[in-house]
Amino acid sequence: MMSPVDMHPIIITQGFHAKHEAVDIRNYDRDNNKFLHHRAIEKSRILAHGVGKKYKENYILLLGLESGYYWLYCHNTPMVPDGVIVDAGLPFGRPDLSGDGNTGYHLHLELHRRGRKTERINPLVWFADHG
């Protein structure tokens with residue numbers, strides 16, 4: 001399992017809870033004054049990218065080829081086209097300030113089983129189970 005950003009340990013800025021079924025991860029390295037590209041957690045196919053209807057955030061949707069789960073990365077601009085397969089650890093998105101703009105640079109990461117919103121999984125639990 002790879003980190004979704006090139007920072008260890010990752011810094012969670014908002015956790016998973018009933019009103020936020022995702023984790024927010026800092027994607028700006030303050031020590032080195034640089035942005036951290038978004039990276040594939042597992043070997044994945046880029047399914048789609050676009051702009052969310054409710055919050056106007058840029059998103060990239062990936063399908064994990066090993067797990068079969070859908071990874072939704074928000075607040076980023078794609079670096080590769082839809083349909084491409086990216087290996088775990090390879091960058092595919094650049095951070096941006098899309099969305100409400102109040103929370104600063106971060107990766108909003110969602111994990112969906114079979115793509116159904118009712119089956120969201122806490123990504124941190126998945127990380128713990130897949131080490």
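1. Contact, as the word is used in this note, means heavy atoms within 4.5 Å. On that basis Arg26 touches Val5, Ile11, Thr13, Leu36 and Tyr105, not counting residues up to four places away in sequence. The structure is a predicted model, in which local features need pLDDT of at least 70 and side-chain atom pairs count only at pLDDT 80 or more, while totals for chains, interfaces and linings use all residues. Residues are numbered from 1 along each chain as its sequence is written, and side-chain values use heavy atoms, with hydrogens and water left out.

2. Arg26 lies in strand 2; helices (H or I, at least four residues) and strands (E, at least two) are DSSP runs, numbered from the N terminus. A salt bridge requires a side-chain nitrogen of Lys or Arg within 4 Å of a carboxyl oxygen of Asp or Glu.

3. Side chains of opposite charge can pair when their charged atoms come close. A search of the whole structure finds four salt bridges. One of them joins the side chains of Arg120 and Glu21 at 3.9 Å, N to O. Arg120 lies in strand 13 and Glu21 in the loop between strand 1 (12–14) and strand 2, so this pair ties together parts that are 99 residues apart in sequence. Arg120 is partly exposed, with a relative accessible area of 21%, and Glu21 is also partly exposed, at 32%.

4. Glu110 forms a salt bridge with Arg120, with the closest N and O atoms 3.6 Å apart. Because Glu110 lies in strand 12 and Arg120 in strand 13, the pair ties together parts that are 10 residues apart in sequence. Glu110 counts as buried, at 8% relative accessibility. Arg113 forms a salt bridge with Glu119, the closest N and O atoms being 3.9 Å apart; Arg113 is partly exposed at 30%, whereas Glu119 is buried at 16%.

5. Helix 1 spans residues 123–130, and Pro123, Trp126 and Phe127 are buried in it. These residues cover an arc of only 100 degrees around the axis, which puts them on the same side of helix 1; the arc is that of the directions from the helix axis to the C-beta atoms. An α-helix has 3.6 residues a turn, so residues three or four places apart point the same way. The face turned away from the buried side of helix 1 carries the exposed residues Ala128 and Asp129. The cover over the buried residues of helix 1 includes strand 2 (23–26), strand 8 (69–74), strand 12 (106–113) and strand 13 (120–121).

6. Just after helix 1, Gly131 takes a positive phi of about 35 degrees.

7. The structure holds six aromatic pairs. Rings of Phe, Tyr and Trp (its six-membered ring) pair if their centres lie within 6.5 Å; planes under 30 degrees apart count as stacked, over 60 as edge-to-face and the rest as tilted. Trp71 and Trp126 form an edge-to-face pair, 4.9 Å centre to centre with 85 degrees between the planes. Trp71 lies in strand 8 and Trp126 in helix 1, so the pair ties together parts that are 55 residues apart in sequence. Both Trp71 and Trp126 are buried. Trp126 and Phe127 also form an edge-to-face pair, at 6.3 Å and 75 degrees. Tyr28, Phe35 and Tyr105 form one aromatic cluster.

8. His38 is placed in strand 5 (residues 38–39) and is buried, at 0% relative accessibility. Its side chain makes a polar contact of 2.8 Å with that of Asn27 and another of 3.1 Å with that of Asn76. A polar contact is a pair of N or O atoms within 3.5 Å; within protein, one must be able to donate a hydrogen and the other to accept it, and residues adjacent in sequence count only if both atoms are side-chain atoms.

Methods
Buried < 20%, exposed > 50% of the residue type's maximum accessible area, 1.4 Å probe, protein only.
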